[in-house]
Structures are given as structure tokens and as C-alpha cells.
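Good morning, and thank you for coming.

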Amino acid sequence: MLMQACLVALIGIIATIDYNGPLFMLHRPLVTGTLVGLVLGDLTQGIMIGSSLELMWLGVTGIGGYTLIINFIRTPPTFIRTCADECGNPIP
């Protein structure tokens with residue numbers, strides 16, 4: 001049990017170094033989920049959890065230097081409208 005915890009911590013350390021360093025894509029959820037599943041003895045479950053996390057990660061991560069502009073455009077007006085609706089103040 002202690003050995004598995006140390007190996008999972010080592011996977012996390014390697015993934016963090018990869019994210020901040022050479023970018024061999026070891027920090028991706030699919031890779032880390034598979035490695036953790038292998039260490040914990042349930043490779044199929046690791047792949048399934050890693051793939052579902054990968055799909056969520058792809059939805060919020062920009063490709064290259066691209067930043068999702070829709071987040072910057074829509075968030076403040078939506079927040080202001082929601083706050084005004086909650087307070088009962090109409091917005092023209």
C-alpha cells in the first residue's frame with residue numbers, strides 16, 4: 001500500500017515536471033490515469049477515468065497559444081445580469 005502511494009506520488013511529480021518542462025505530454029489525464037490504473041492494479045478503470053477526464057480537459061484547454069475568447073466576452077455580462085435578476089432589479 002505504501003509502495004503504491006509512493007508510485008502514484010512519483011507519477012504526479014513526473015507529470016508536474018513534464019507540464020512545466022519538456023512537454024512529452026505525460027501530464028495529460030489519459031496518460032496519468034492509465035499509469036495510475038496500472039500502479040493500482042486496475043488498468044481498465046484507469047483508462048476509463050483518464051479518458052473521461054481527458055474529454056473534460058479538452059473542453060477547457062486552448063490549443064497552442066489560443067485563449068477561448070468567448071469566456072472573456074460572455075462572463076461579465078452574464079454575471080451582472082444574474083446578479084441583477086437575483087436582486088430583482090431589471091436591466092434595460
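The buried residues of α1 pack against α2, where contact means heavy atoms within 4.5 Å. Helices here are DSSP runs (H or I, at least four residues), numbered from the N terminus.

A word on provenance. This is a predicted model, in which local features need pLDDT of at least 70, side-chain atom pairs count only at pLDDT 80 or more, and totals for chains, interfaces and linings use all residues. Residues are numbered from 1 along each chain as its sequence is written, and side-chain values use heavy atoms, leaving out hydrogens and water.

Which residues of α1 are buried? They are I11, A15 and D18, buried being under 20% relative accessible area, exposed over 50%, and partly exposed in between (1.4 Å probe, protein chains only). Viewed down the axis of α1, these buried residues fall within an arc of 65 degrees, so they line one face of the helix; the arc is taken over the directions from the helix axis to the C-beta atoms. The face turned away from that buried side carries the exposed residues L2, I17 and N20.

I turn to α2, residues 29-40. P29, T32, G33 and G37 are buried there. Down the axis of α2, its buried residues fall within an arc of 135 degrees, so they too line one face of the helix. They pack against α1 (2-20) and α3 (43-60). Just after α2, G41 takes a positive phi of about 90 degrees.

Finally, confidence: pLDDT is the predictor's confidence in each residue, from 0 to 100. Among the elements of the chain, α2 has the highest mean pLDDT (95) and α4, residues 69-87, the lowest (52). Where pLDDT is low, the predicted coordinates should not be read in detail.

Technical notes: Helices (H or I, at least four residues) and strands (E, at least two) are DSSP runs, numbered from the N terminus. The expected span of a helix is 1.5 Å times one less than its number of residues.
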